[in-house]
There are 2 protein chains.
Amino acid sequence: MNQWKNLDMLKSYQEIRNHNHPVDLTRELAGANGAERVARYQIPMAAGLVYNYAAKQVDDSLLQQLSNLAEECELSGKFEELYNGAVINTGEKRLVLHQLTRGQLGNPVTADGTDKRVFYTDQQVKIADFAKKVHSGAIVNEKGERFTTVVQIGIGGSDLGPRAMYLALENWAKKNGCFKMAAKFISNVDPDDAAGVLADTDPEKTIFILVSKSGTTLETLTNEAFVRDALKNRGLDVSRHMIAVTSETSPLASSSDYLAAFFMDDYIGGRYSSTSAVGGAVLSLAFGPEIFSRFLQGAAEEDKLATEKDPLKNPAMLDALIGVYERNILGYPVTAVLPYSQALSRFPAHLQQMDMESNGKSVNRFGEPVGYATGPVIFGEPGTNGQHSFYQLLHQGTDIIPLQFIGFKSSQAETDVLIQGSTSQQKLCANVAAQIMAFACGKQDENRNKNFAGNRPSSIIIGEQLTPEALGALLSHFENKVMFQGFLWNLNSFDQEGVQLGKVLAKRVLAHETDGALKAFSDLLNI
Amino acid sequence: MNQWKNLDMLKSYQEIRNHNHPVDLTRELAGANGAERVARYQIPMAAGLVYNYAAKQVDDSLLQQLSNLAEECELSGKFEELYNGAVINTGEKRLVLHQLTRGQLGNPVTADGTDKRVFYTDQQVKIADFAKKVHSGAIVNEKGERFTTVVQIGIGGSDLGPRAMYLALENWAKKNGCFKMAAKFISNVDPDDAAGVLADTDPEKTIFILVSKSGTTLETLTNEAFVRDALKNRGLDVSRHMIAVTSETSPLASSSDYLAAFFMDDYIGGRYSSTSAVGGAVLSLAFGPEIFSRFLQGAAEEDKLATEKDPLKNPAMLDALIGVYERNILGYPVTAVLPYSQALSRFPAHLQQMDMESNGKSVNRFGEPVGYATGPVIFGEPGTNGQHSFYQLLHQGTDIIPLQFIGFKSSQAETDVLIQGSTSQQKLCANVAAQIMAFACGKQDENRNKNFAGNRPSSIIIGEQLTPEALGALLSHFENKVMFQGFLWNLNSFDQEGVQLGKVLAKRVLAHETDGALKAFSDLLNI
């Protein structure tokens, strides 16, 4: 049995605390052995990706201590417990099975009387079948016309992950002849969101996907009503235009209002649902089920790597350990995610939810307050855009922000232009290489305004091209990193009680059951 | 003459340090006087907006101390110096004149032999004239067809601000019959950015705006070449499809390659250029010059408010002072910007640049290291989306993150749906009111997992509707807040030396003039 202990109860953690001399990157990386360090401090990932941590403030001695920490904290054992179906979500008393949507990592997991792997693959098969019928014209609109567009209605995990994945593969799919339908997304309860999307969409040729696990998410039901009104106003039969992705026990599951319904369950958290039916329906419709399968394949391979006991062979685990070192020993409060790929423009927003909603907690998995910092703030924008925006603070601000770069050798569209002796893609890659070194090593200048202190740590994940497999591997890497960090901090990373209070108060405002300051704010906002 | 001193040299700052007992919001706001506090702690802004700071950790005594700080730091005097044309950008020895693009705040400012206000308004008139000709069909493409789309090519300030402003008004313009042309943006040197935009655009009916102050920004020139190739491949005459926004001294200014050229100058920083020709060309083409004028009008009125000496009548100044209190006395490292308006989806990304590039510095305006924290990390997403994402950490994480809410009583499209007794817009507003109170007052619960500590401060800007005037006022508010914070920290907020080192190293990579770790990283990325 694994021991679930707070981070500061672990001997190996206290050893790191007591013997900490952060590595000086301006010496380690700038010196003669810099190239050797770059070659040595990296781990192969799935789908041809590589995790390189040469620009992190670690050395062999610290890596040994982090390995000890991984062992004492039983990270591998806890992951094993998770994928074999233990109740890891202690707050809600639920299993945590998102890895099972893409592969069988351990023993068969039975819950609710079903083999859950069979349940998830069944849904994938049903979705694939549905998508193929839409693409072939076996399922058409009232006039017998083919559907051209799919609009996902969902919020949080039903929006951010699927949207980020769609944007990540849109241009790749166009280039590779597997772009089937354009996808759009409605999420915000702000009526201008739905109005804006509908203004640019032909509803006659659109399939709407209503995504809500419980079938009770207020924003999503409101937007569904908004869309239903718009469809009815155009004389359309809503049940021919709308499908549901929900749990089998939700009120939506058996409604005749939908053309079809596909299922996930309580063991898939919203922020981990991109590889379930939540991502599966929209991505299979947009790009075809084969592409969605390749995405799952990449994630499954990367999950397998995450079962490695040795952190030096397990990129997600090592990334997690270094992150905890940066957060708890070095005291860095924020991490920036910086993909040098326009296709990953919303990937940081997805990681922001995945990470901050999972580990932004002050109590451990037993509900006891913890005495150390937990999840950092996560933000990011694609490079090179960020270089012309907030990098000033990253380079010369008073706080140190660890950086997570992502880069690919080839572009997706593979259309390029040669300017001043190099292609756009070469410029893009040159910039990320240059930034790693600029942050790590800095530059002395007598003019202090032009001085760069250096020792601003980063890691980079490098791939050949952002393919479906590479995207799956990337997603899995960060999901598993966040999971391992949750284990290290002894948190339940799979509930989100922090979102409840606002919901309760909002209902009170709408029912006009308020007084004092809440009533005063409500009045100011004309509610 | 104003004295430019470091923050920690000011007596009033030391007094705040020494006598600091942060206000307990769970008492102040939850108590019987909560409503009175909400009514009292607010300041009217331009365009019908209101800045409410009742949920900030301040009381009358601290407000008095902050007023003393404003006076001792001569915030008003320094702003006066700035708008009267002093060399506030000490590093680059430049005036700082973005406020002058929208109004004459002080004396006429002459530079380069010109009255600069006349120069800026001349450009506005020229842009208006050009835009009207495009809209009326006096300027058409080779086939005599009207242009339907405008694509801005620029990065950093030439992208984030104009893009955020366009998105903010797109649906409003559609609703109000002044939507003239769709606007798109190409920024990233990643070739997939330009390829993606061009794939969805009909270049025959498109005007491209090349925006680069110096005319030498590598990303922008690369994307220009990418677009030129695409136009030529379709047999189009590039000079009939491309205009330039640049400085009069740039190589682009007099080139015959462009249909027209409009000018800004060195006194408008990129991140402050939305109200100059950089924003003016694209917004006037998209919505008509009248709408752009209304946007400037809102900014001008808000600038006027920023000249108020009393911070209790000057929202930008008070916001700045409270922010410094939170950053330097309370030690909060991050601020979140949370607009409850889907139209402001990219407004936080613009503020992220404006704030972090301006005040992410470690040396004062004389180039001497400062011994205190400066600009915080800024991030944000629209509500209610964020509630289903990172709010978990904001509510229950181990760090306190001050929050900047923005909300409007009416939506822009004014299309809505009644569900469970309330409209979408009411739900949106109810949520932001509820969140303010949830963050400030929290909720005691014996189940620590459901416990909310409270005392998480926020302010809110409330408006009737997001109109051009309201948007201008919002933009000006944050620009002036950042300016006042720069004065408080004694920084030069108007240069960005921190972006230079990366550029130098990237050039070296592209020239293959590297060794050691930089060569090793370049090799990994196949450059």
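1. Basis of the note. The structure is a predicted model, in which local features need pLDDT of at least 70 and side-chain atom pairs count only at pLDDT 80 or more, while totals for chains, interfaces and linings use all residues. Residues are numbered from 1 along each chain as its sequence is written, and chains are lettered from A and ligands numbered from 1 in the order in which they are written.

2. Relation of the two chains.

3. The contact between the chains. Chain A contributes 125 residues and chain B contributes 125 residues to the contact, where two residues are in contact if their C-beta atoms, placed from the backbone, lie within 7 Å. On the side of chain A that touches chain B, the largest share, 15 residues, comes from helix α15 (residues 424–441) of chain A; helices (H or I, at least four residues) and strands (E, at least two) are DSSP runs, numbered from the N terminus. By class, this side of chain A has 58 nonpolar, 47 polar and 20 charged residues, with Ala, Val, Leu, Ile, Met, Phe, Trp, Tyr, Cys and Pro counted as nonpolar, Asp, Glu, Lys and Arg as charged, and the others, Gly among them, as polar. Because 100% of the interface residues of chain A are also interface residues in chain B, the copies meet through the same surface.

4. A helix pair in chain A. Helix α4 (residues 60–72) of chain A and helix α12 (residues 315–329) of chain A have axes that come within 10 Å and cross at roughly 105 degrees; axes are lines fitted to C-alpha atoms, for helices over the stretch in contact, and angles run from 0 to 180 degrees between N-to-C directions. That makes α4(A) roughly perpendicular to α12(A), in a scheme where angles under 35 degrees count as roughly parallel, over 145 as roughly antiparallel, 65 to 115 as roughly perpendicular and the rest as oblique. Leu66(A), Leu69(A) and Ala70(A) of α4(A) make the contact with Met317(A), Leu321(A) and Tyr325(A) of α12(A), and by class this contact has 6 nonpolar, no polar and no charged residues.

5. A helix pair in chain B. Helix α10 (residues 277–287) of chain B packs against helix α11 (residues 289–305) of chain B at an angle of about 125 degrees, with the axes 6 Å apart, and α10(B) and α11(B) are therefore oblique to each other. From α10(B), Gly280(B), Leu283(B), Ser284(B) and Phe287(B) meet Pro289(B), Ile291(B), Phe292(B) and Phe295(B) of α11(B). This contact has 6 nonpolar, 2 polar and no charged residues.

6. The mixed sheet of chain A. An open sheet of 6 strands runs in the order β1-β2-β15-β12-β10-β11 in chain A, with mixed pairing; two strands pair if DSSP finds at least two bridges between them. Its edge strands are β1 (42–44) and β11 of chain A, each of which pairs on one side only, and neighbouring strands are turned by 15 degrees against each other on average, direction ignored. Strand β2 (residues 50–52) of chain A is joined by 3 bridges to strand β15 (residues 458–463) of chain A, and the two run antiparallel, with Val50(A) opposite Ile462(A) in β15(A). Helix α13(A) packs on the sheet, touching β10 (334–340) and β11 of chain A, and its direction makes about 165 degrees with that of β11(A).

7. A covered strand in chain B. Strand β9 (residues 260–264) of chain B is mostly covered, since 4 of its 5 residues are buried; a residue is buried if 20 or more other C-beta atoms lie within 10 Å of its own, exposed if 12 or fewer, and partly exposed in between, with C-beta atoms placed from the backbone. Strand β8 (residues 242–247) of chain B is joined to β9(B) by 5 bridges, and the two run parallel; the bridge partner of Ser247(B) in β9(B) is Met264(B).

8. A loop residue. Pro369(A) lies in the loop between α13 (347–359) and β11 (377–379) of chain A and is exposed, with 12 other C-beta atoms within 10 Å. Leaving aside its neighbours within four places in sequence, Pro369(A) is in contact with Ser362(A), Val363(A) and Arg448(B).
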